[in-house]
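Let's take a friendly walk through a protein chain. Have the sequence at hand as you read.

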Amino acid sequence: MTLSGDMPAHLTGAAASAEADIGRRRISLRALILAVSLLVSVSLCAAVASILVFNARLAVDDEIRSAFEFARASITAGLPNRFADANIMSRAHTLASEIDARRHVAVTIVPIGGQNQTPSAPIAGNDKPVPAWFAALMEPEQLIDRFPITQYPNVLGSLRLVSDPTDEIAEVWEDFSIILPVLLATGLAFVAMSAFIGQILGRRLSSVLVAMSEMRCGRLEVRAPDDRLAEFSALAAGVNDLAVHLQREQAENSLLQTRLLSLCENERARIAHDLHDEMGPELFALNAAAGQARKSVAVLREMRPGVAETEVLGDAVQAILRHTAEIQRSARAAINDLRPMIAGAASLSELIEELVAGFGETAGETRLIVRADPAVHADEMGEISIYRFVRESVLNALRHGNPDLVEVALWREGNMIVARVADSGRSGDIAALAPGFGQLGMRDRALALGALYKPPWRENGHTVTELRVPVR
């Protein structure tokens, strides 16, 4: 289990890149449902229409052949023979009119030479226009037969019988003009129903995705809403169980981080106390002994002036005193670094002002400004964290930014104590810089305290960093 709640930068970048690559190959569920439903609807409509057209074409062909065979039989039976005494041509005209009045056939009388053909009677019930493409689709093979009209010994002409599917095709088109819109409307209704179902599924998925997005941003108290659909209810329950598990892990992580921070501070305090209690008296005794030695050397110089050994001994004593003073300063700095404050010894604002004033010795021409609210107080761990944040941020600004101005601000904002350090140096892309150990330490400390650490960013020509510590 890791103590840090953040993913390493290289893993975060790889995950984001992989997610972007996958995102380019994704399509939405609604679009997929709509596309599939449209494809299925078009396929079904085409299949049903093809079956209807095929069956209608067979029916038209059977109907036309039956009518043609019946008309042929009627002509064969009713046409006078060549030896009849009656007016054969008149009888032929009468028979032609009777046959031509029937459906699906047309009869014409062709005189000798093929001139002056007698037109067939108009076919009733064919008032509605039929599209040419539909007529061509339905038109069967044309049937033609000829019957000679003879009166011995002469051939007077012929009776020409032709199949005529026009009225049958018109009837089929009349049926199709009703079926096709119904079929189309059914397909559109199927697509609309699929789109509606996709909308419902999309909304339910969106509610779960919104909850997951909130959880990914750290708000693990958010829960995915329950649903009446069993599958979505199970999905929401799984997401909520994961959120509960993450909350427990986060609480355990936070507890471990807090314990680790407390142990580190306690160990720092122990080492600081050991240095102060054990090393301090020894350094004081060494400094006192060196001072006594310096007095003894002064007495020797009075008793034996000009002796070289006395001068050498005096220089050695001075070196001991100088190095002892340096060791004492280093020890005080180490103690202050290990344990920068004693609880109740001074207010947080006073400690911050003293810290910034100490930087003034090495700041050169940099102007240091402190605006700290004296009424701001926090618990010991919070004040130590704020103190270390200010020291690290000011030190980074002076080391790397070469600023003309460093401003430290401390104030209370709601239930948060806000510490901000801004400097006028270090321009450029701050976000592209890799965080140092100081920033990583502040991030881990903020996680342990439940605080919010904002790494450096550029604002109005200044580099700004901020720490927000909750007040308990």
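## About the model

This is a predicted model, in which local features need pLDDT of at least 70 and side-chain atom pairs count only at pLDDT 80 or more, while totals for chains, interfaces and linings use all residues. Residues are numbered from 1 along each chain as its sequence is written, and side-chain values use heavy atoms, leaving out hydrogens and water.

## The whole chain

The chain has ten helices and eight strands. Both are DSSP runs numbered from the N terminus: helices are H or I with at least four residues, and strands are E with at least two.

Of the 472 residues, 32% are buried (under 20% relative accessible area, with exposed meaning over 50% and partly exposed in between, for a 1.4 Å probe and protein chains only). The accessible surface is about 28,700 Å², and carbon and sulfur atoms account for 59% of that; such areas come from the Shrake-Rupley method with a 1.4 Å probe, and for residues only the protein chains shown count as cover. Among contacts (heavy atoms within 4.5 Å) between residues at least 6 apart in sequence, 70% join residues at least 24 apart.

## Helix α2 and its partners

How do α2 and α3 pack? Helix α2 (residues 29-78) meets helix α3 (residues 88-100) at an angle of about 160 degrees, with axes 11 Å apart. Axes are lines fitted to C-alpha atoms, for helices over the stretch in contact, and angles run from 0 to 180 degrees between N-to-C directions. The angle makes α2 roughly antiparallel to α3 (over 145 degrees; under 35 is roughly parallel, 65 to 115 roughly perpendicular and the rest oblique). A71, S74, I75 and G78 of α2 touch R91, L95 and I99 of α3.

α2 also packs with helix α5 (residues 166-216), at about 165 degrees and with axes 9 Å apart. These two helices are therefore roughly antiparallel as well.

## Two residues with positive phi

Most residues other than glycine have a negative phi. H104, which is not a glycine, has a positive phi of about 75 degrees. H104 sits in the loop between α3 and β1 (105-111).

N460 is another non-glycine residue with a positive phi, near 55 degrees. Its loop lies between β7 (452-459) and β8 (462-470).
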